[in-house]
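I opened a new notebook page for this chain. These are my entries on what I looked up, in the order I looked.

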Amino acid sequence: MPLSPEQEAEITEQRSAPQQTLRAVSEGMEGHLYTAYPVLDHGFIRVVDYMGDDAAICQAARVSYGKGTKSVQNDEGLIRYLMRHWHSTPFEMCEIKLHVKLPVFVARQWIRHRTANVNEYSARYSILDREFYIPAPEHLNAQSVINNQGRGEALEGEEADRVLRYLREDAMRCYDHYEEMISQDGQQGLARELARMNLPANIYTQWYWKVDLHNLLHFLRLRADSHAQYEIRVYADEICKVVADWVPFAYRAFEDYRMGGATLSSTALDCLRRMLKGESVTQENSGMSKGEWREFEGVLNDPA
Ligand SMILES: Cc1cc2nc3c(=O)[nH]c(=O)nc-3n(C[C@H](O)[C@H](O)[C@H](O)COP(=O)(O)OP(=O)(O)OC[C@H]3O[C@@H](n4cnc5c(N)ncnc54)[C@H](O)[C@@H]3O)c2cc1C
């Protein structure tokens, strides 16, 4: 349960007080506003605020006085054109502010995306909760043998039980010591800013994260991708669902050109042209390294 009953009540109260506005409103996003969507065992994402919609992207692109819309089809066509030609600034006119609860080791990957505004829960000021990410058994995987930066099959049997036990017991022991060190019961009590260094990286933190749509799509391109670590990918996947309802035209163009599309080098394009002419092209005569060829084949092969 990621939210306490008090927090749920606060959110319900906020949702029950709509206000009139002249600003652009995305009906799809209004349905998501404030709702916390669970991610991992104790985490969540929830939209705290947003600005703009598909029309706002077109309005900015046309530098228009009014809605900037000639027709809905025109809008979608324009957004697809902008996405296709990397005309990115109109997408920066939309913003989203998220409240995210996530394990610290996921936060370390997330914070590398520098083009956002962040305010994190202060573990100098406040006491962290006893909440740790413990992977579900199917996500407790062995080291991958083909990719140093990945995982393979799920651990099994006694090894899986032992690893889960270590993760739980180590987290609890560290937290017990954290609590004992900061306690002012019969002792001075260690400063919170120091005691926290004893806590493992699977403890949960929280932040407000505000980003424009262009940089959010860049984040999603990298983190909703199959190469991203599962624990950050599930957050990105959940955000994707929200974005799909917020700016459906922009999201469809993003899925088509970025998530589903591919970039080819001039060497790869040359190989493709030779193949279309009926030439037998192999890695040896392609001019590509083995790695490049493998990835090229991956692009050409039907993913199904
Ligand atoms: C699968 C995967 C594996 C990774 N592995 C590692 C790893 O092993 N080690 C590691 O350290 N990181 C790793 N990263 C992190 C990665 O290198 C990037 O730091 C991260 O994805 C953020 O990307 P970004 O800089 O494009 O995003 P943002 O910081 O959001 O920046 C967006 C864009 O803005 C521009 N920009 C932002 N700031 C600057 C700047 N100061 N100067 C110039 N241009 C700027 C760039 O064009 C950038 O692409 C990995 C990421 C992924 C997705």
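**Entry 1: contact rule and ground rules.** I count two residues as in contact if their C-beta atoms, placed from the backbone, lie within 7 Å. I number residues from 1 along each chain as its sequence is written. I am working on a predicted model, where local features need pLDDT of at least 70, side-chain atom pairs count only at pLDDT 80 or more, and totals for chains, interfaces and linings use all residues.

**Entry 2: Met51.** I looked up what Met51 touches, leaving out residues up to four places away in sequence: the partners are Cys94 and Glu95. Met51 sits in strand 2, residues 43–51. I take helices (H or I, at least four residues) and strands (E, at least two) as DSSP runs, numbered from the N terminus. My scale calls a residue buried if 20 or more other C-beta atoms lie within 10 Å of its own, exposed if 12 or fewer, and partly exposed in between, with C-beta atoms placed from the backbone. I also checked Met51 against Trp110: they are 59 residues apart in sequence and 22 Å apart in space, C-alpha to C-alpha.

**Entry 3: whole chain.** I read off 13 helices and 7 strands. The C-alpha atoms fill a box of roughly 80 × 60 × 30 Å along the principal axes. Of the 304 residues, 24% count as buried. For contacts with a separation of 6 or more, 67% come from residues 24 or more positions apart.

**Entry 4: positive phi.** Tyr34 has phi near 75°. Tyr34 lies in the loop between helix 2 (27–30) and strand 1 (36–39). I noted Tyr34 as partly exposed, with 16 other C-beta atoms within 10 Å. Trp86, also not a glycine, has a positive phi of about 55°. Trp86 is placed in the loop between helix 4 and strand 3. Trp86 counts as exposed, because there are 8 C-beta neighbours inside 10 Å.

**Entry 5: UniProt record, one "binding site" list.** The unreviewed UniProt entry lists Thr89, Arg112, His113, Arg114, Glu120, Asp212, Leu213, His214 and His218 under "binding site".

I then looked at single members. Thr89 is in the loop between helix 4 (72–84) and strand 3 (95–103). Thr89 is exposed, with 12 other C-beta atoms within 10 Å. Arg114 is in the loop between helix 5 (104–110) and strand 4 (117–120). Arg114 is exposed, with 7 other C-beta atoms within 10 Å.

**Entry 6: UniProt record, another "binding site" list.** The unreviewed entry also places "binding site" at Gln109, Trp110, Ile111, Arg112, Glu120, Tyr121, Ser122, Ala123, Arg124, Arg196 and Arg223. They span 115 residues in sequence, and the farthest two C-alpha atoms are 29.2 Å apart, so they do not all gather at one spot. Arg112 lies in the loop between helix 5 and strand 4. Arg112 is exposed, with 9 other C-beta atoms within 10 Å.

Ala123 lies in the loop between strand 4 and strand 5 (141–143). Ala123 is partly exposed, with 18 other C-beta atoms within 10 Å. Which residues does Ala123 touch, not counting those up to four places away in sequence? I find Leu128, Arg192 and Arg196.

**Entry 7: helix 8 on helix 10.** Two packed helices are described by the angle between their axes and the distance between the axes. Helix 8 (residues 213–223) and helix 10 (residues 248–259) pack at about 45°, with axes 11 Å apart. The axes are lines fitted to C-alpha atoms, for helices over the stretch in contact, and angles run from 0 to 180 degrees between N-to-C directions. Helix 8 and helix 10 are therefore oblique to each other. The cut-offs are under 35 degrees for roughly parallel, over 145 for roughly antiparallel, 65 to 115 for roughly perpendicular, and oblique for the rest. Leu213, Leu217 and Arg221 of helix 8 meet Ala250, Phe254, Arg258 and Met259 of helix 10.

Terms used: UniProt positions renumbered as here; feature names shortened; annotations may be inferred.
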